[in-house]
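Hi,

Here is the structure I promised to pass on. Have a look at it first, and then read my notes below.

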Amino acid sequence: MILMDDIIREGHPTLRTKAEEVKFPLTDEAKQLAENMLQYLINSQDPEIADKYDLRSGIGLAANQINSLHRMFALHLKDENGEQLSFVAINPKVVSHSVENTYLTGGEGCLSVDRNVSGYVPRHARVTVKFKTVDGEEKKMRLKGLPAIAFQHELDHLNGIMFYDRINEKNPFAEIPDSKPYE
Ligand SMILES: OCN(O)CCCc1ccccc1
Ligand code: NI
């Protein structure tokens, strides 16, 4: 099982490296990686398991964060209707997005960042995304709200981008153009 010690922290070069397209059919190693990443998120959101293994709660995890350059990330979170989203996105792409932006009013955090970095992180408010599942099935989804924000946060990791790269350096809380905040 993935533990906090397996999650690399800022300063590790893999967080600044672009992950590589995953070939299908997946190797057993890639399948195991995908399963372990999703299981980490489930474990981290279970108070007993998280407490027992000292896991930081997360709604997403990208392969770079466990020092792997497979182009994949896991998401495990509820959308605003309380629907459980739980999947591993392989070779994910944003195929289109809204003009409108959004940002978490409380800012973002990251399992690979052991400090608070405050400020608004501009994100597309709505995204249409495509990715492959572990079985090689092509998925297309329209996301908004926290799922949209999380998808973009994870996709950034696969491109070596950290959330704070997107915060306005001069004024971290400067107004984001064309945006509606996400509380
Ligand atoms: O990359 C995963 N991660 O470090 C865990 C937190 C993910 C996250 C996603 C959206 C907004 C805030 C935090
Ligand atoms: Ni992160």
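Let me start with a loop. Gly160 sits in the loop between H3 and strand S8 (179–182); helices (H or I, at least four residues) and strands (E, at least two) are DSSP runs, numbered from the N terminus. Gly160 counts as buried, at 7% relative accessibility, where buried means under 20% relative accessible area, exposed over 50%, and partly exposed in between (1.4 Å probe, protein chains only). The C-alpha atom of Gly160 is 5.4 Å from that of Leu15, although the two are 145 residues apart along the chain.

Before the rest, some housekeeping. This is a predicted model, where local features need pLDDT of at least 70 and side-chain atom pairs count only at pLDDT 80 or more, while totals for chains, interfaces and linings use all residues. Residues are numbered from 1 along each chain as its sequence is written, chains are lettered from A and ligands numbered from 1 in the order in which they are written, and side-chain values use heavy atoms, with hydrogens and water left out.

Now the metal. Cys110 (SG), His153 (NE2) and His157 (NE2) coordinate the nickel ion (ligand 2) at 2.1 to 2.4 Å. Donors here are N, O and S atoms within 2.8 Å of the metal (3.2 Å for Na, K and Ca), and water is not among the atoms, so sites may look incomplete. Along the chain, the donors of the nickel ion follow the spacing C-x42-H-x3-H. Both histidines, His153 and His157, belong to helix H3 (residues 145–158), 4 residues apart, or about one turn of the helix. His153 is buried, with a relative accessible area of 10%, and His157 is buried too, at 1%.

Then there is ligand 1. It has 13 residues around it, and Gly60, Gln65, Leu111, Glu154 and His157 come nearest (to be near, a residue needs a heavy atom within 4 Å). As for polar contacts (pairs of N or O atoms within 3.5 Å; within protein, one must be able to donate a hydrogen and the other to accept it, and residues adjacent in sequence count only if both atoms are side-chain atoms), an oxygen atom of ligand 1 is 2.7 Å from a polar backbone atom of Leu111. An oxygen atom of ligand 1 also lies 2.7 Å from a side-chain N or O atom of Glu154, and a polar side-chain atom of His153 is 3.1 Å from an oxygen atom of the ligand.

Enjoy exploring!
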